[in-house]
Structure formats: structure tokens, C-alpha cells
Amino acid sequence: MNGRTAVETLTSFNDAVEANEGHRLDPPRRDHQTPVDEPPFHVVEVQPGITFTMGGIDVTPDMAVLRRTGSSTTLPHFPESPATVRTATIPGLYAAGVDVGNVMHRQYMGGLAVALVTGRVAGRNAATN
Ligand SMILES: Cc1cc2nc3c(=O)[nH]c(=O)nc-3n(C[C@H](O)[C@H](O)[C@H](O)COP(=O)(O)OP(=O)(O)OC[C@H]3O[C@@H](n4cnc5c(N)ncnc54)[C@H](O)[C@@H]3O)c2cc1C
């Protein structure tokens, strides 16, 4: 462990969050802007990984996959403004689990329950339609 680098990193982190400028850090810190300033300190090596993207394909409540119609824009479809986007289902195509979008755009809530619930709906409809 490079102690000097660790202290410099900790100091710059604390300076940024105390100035409420965590968003300027790399990577940016948006939530929990609390300085790390109470010893004892311990070093733990971690390996970051992506659980899933928390975003995905637009679907109906039946898990039928939607595509856009009447628009050629590649801009994201924000759930706050669905009226600006017209969509239609793609016949015979269903999505489930982490491939489904707009489930947890505000807060992470785990993926197993989403996979279980949407998977059963998508599977039933794929088998019957
Ligand atoms: C490290 C880690 C920890 C997690 N911890 C939690 C937790 O504590 N609680 C929680 O709720 N969620 C947790 N999750 C998230 C949860 O595991 C996933 O959101 C969930 O398993 C997604 O289910 P899924 O069916 O959508 O996708 P997956 O489980 O990824 O299933 C997709 C399946 O499709 C198969 N597949 C891929 N391509 C093809 C192909 N071409 N042909 C055929 N089959 C294919 C894959 O092999 C896989 O079996 C965690 C995820 C990770 C990675």
C-alpha cells in the first residue's frame, strides 16, 4: 500500500465533500458526502464489478418488448415524459429480468425478485401467444 498516495487521496476526498463538491471527484461522489476523518483507518483491497445496468428494454405489463414508432431519435426514453414517445410491441418478443428497463430507475432494489416476477409473466405469455 502506498501510504503517501492513500493520504493524498483521502485528503482530496475529504476536501471535496466538505466543500460539497463531491461531484468533481473522479469517480464523482453524489450521495453520502461524509468526510472520512475519524481514525483508526484500515486498508481493504476491493475488486469492483457490475451487478447489472439497472436499465434495459421497454416492455408492457405483459413483458412484451416495445419499439418506438413515429420517431427516429436515439435520445433516451425518460419515464417522466412517456407522452413524447410513441411505441408498439414487437410480436412474439418478450423480455424479463435484468433485460427489462424502467424498474429501478430511482433506487436499487435487487434483481432476483424482478427476475422471478417478470420471468414468469414473460414465459407464460411467450408460451401462449
Ligand atoms: C455478484 C452479484 C450479487 C448479487 N446479489 C444480489 C442480491 O443479493 N439480491 C438480489 O436480489 N439480486 C442480486 N444480484 C442480481 C441478481 O442476481 C440478478 O439481477 C438476477 O439473477 C438476474 O436474473 P436474470 O434472469 O435477468 O438474468 P441471469 O440470472 O443472468 O440469467 C440469464 C441466463 O441466460 C443465459 N444466457 C445468456 N445468453 C444466452 C444465450 N444466448 N442462450 C441461452 N441462454 C443464455 C445465461 O447463461 C443465464 O443463465 C446479484 C448479482 C450479482 C452479479
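**Note on the ligand site, the cavity, the pocket and a salt bridge**

1. The ligand is surrounded by T51, F52, G97, V98, Y108, G110, G111, L112 and A115, where a residue counts as near a molecule if one of its heavy atoms lies within 4 Å of it. This is a predicted model, in which local features need pLDDT of at least 70 and side-chain atom pairs count only at pLDDT 80 or more, while totals for chains, interfaces and linings use all residues. Residues are numbered from 1 along each chain as its sequence is written, and side-chain values use heavy atoms, with hydrogens and water left out.

2. By class, the shell around the ligand holds five nonpolar, four polar and no charged residues; here Ala, Val, Leu, Ile, Met, Phe, Trp, Tyr, Cys and Pro count as nonpolar, Asp, Glu, Lys and Arg as charged, and the others, Gly among them, as polar.

3. A search of the whole structure finds one cavity of 30 Å³ or more, a cavity being a set of points, on a 1 Å grid over the protein atoms alone, where a 1.4 Å probe fits but cannot get out. The largest cavity has a volume of about 70 Å³, and its lining, made up of residues with an atom within 4 Å of a point, consists of F52, M54, G55, G97, V98, V100, V103, M104 and V114. That lining divides into seven nonpolar, two polar and no charged residues.

4. The largest pocket (an open set of points with protein on both sides within 12 Å along at least five of seven lines) has a volume of about 590 Å³. Of the 20 residues that line the largest pocket, M1, A6, T9, L10 and F13 are the closest to its centre, and the lining as a whole divides into 13 nonpolar, four polar and three charged residues.

5. The count comes to one salt bridge, defined as a side-chain nitrogen of Lys or Arg within 4 Å of a carboxyl oxygen of Asp or Glu. The side chains of E21 and R24 meet in a salt bridge at 3.4 Å, N to O.

Definitions and conventions. Grid points are joined across faces, edges and corners, and a volume is the space filled by probe spheres set on the points.
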